Amino acid sequence: VMVVEGNAVRTRLLSTREAARLMGLPDSYKLPRNYNEAYHLLGDGVVAPVAGWLGERLFTNIMSARRHKLVAAE
């Protein structure tokens, strides 16, 4: 995280809760107490809304174009 206060700019690490929120987890989700364990857990996740968006807008178009190309080649 980058923090700007006047002319001063500093950085800090995300808290595990902030990282969990970015991954779409509710605040009620219990994270490991150990910082590294929590980060490993979060790093193995997939943000469901992002995956859905990619599926709807990107992969659907790619698959449609591929099908169209295959049909045209026949």
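This is a predicted model: local features need pLDDT of at least 70, side-chain atom pairs count only at pLDDT 80 or more; totals for chains, interfaces and linings use all residues.
Is Arg-10 buried, partly exposed or exposed, and what is its relative accessible area? Arg-10 is partly exposed, with a relative accessible area of 42%.

**Salt bridges**
- The count of salt bridges comes to 4, and among them is one in which the side chains of Glu-5 and Arg-10 meet at 3.7 Å, N to O.
- Glu-5, the partner of Arg-10 in that bridge, counts as partly exposed because its relative accessibility is 49%.
- Another salt bridge joins Arg-12 to Glu-18, with the closest N and O atoms 2.8 Å apart; Arg-12 is partly exposed at 35% relative accessible area, and Glu-18 is partly exposed at 23%.
- Glu-56 and Arg-57 also form a salt bridge, their closest N and O atoms being 3.7 Å apart; Glu-56 counts as exposed at 57% relative accessibility, whereas Arg-57 is partly exposed at 42%.

**Aromatic pair**
- The structure holds 1 aromatic pair, formed by Tyr-35 and Tyr-39, whose ring centres are 4.8 Å apart and whose planes lie at 45°, so the pair is tilted.
- Both residues belong to helix H2 (residues 35-43), where Tyr-35 and Tyr-39 are separated by about one helical turn because they are 4 residues apart.
- Tyr-35 is partly exposed at 34% relative accessibility, and Tyr-39 is partly exposed with a relative accessible area of 29%.

**Nonpolar surface patch**
- Leu-58, Phe-59, Ile-62 and Met-63 form a nonpolar patch on the surface, and together they have about 360 Å² of accessible area.
- Met-63, one of these residues, lies in helix H3 (residues 48-73) and counts as partly exposed at 39% relative accessibility.

Notes:
Residues are numbered from 1 along each chain as its sequence is written. Side-chain values use heavy atoms; hydrogens and water are left out. Patches are made of residues with over 30% relative accessible area and no salt bridge: like charges are joined within 9 Å, nonpolar side chains (Val, Leu, Ile, Met, Phe, Trp, Tyr) within 5 Å. Accessible areas come from the Shrake-Rupley method with a 1.4 Å probe; for residues, only the protein chains shown count as cover. Helices (H or I, at least four residues) and strands (E, at least two) are DSSP runs, numbered from the N terminus. Buried means under 20% relative accessible area, exposed over 50%, partly exposed in between (1.4 Å probe, protein chains only). Rings of Phe, Tyr and Trp (its six-membered ring) pair if their centres lie within 6.5 Å; planes under 30 degrees apart count as stacked, over 60 as edge-to-face and the rest as tilted.
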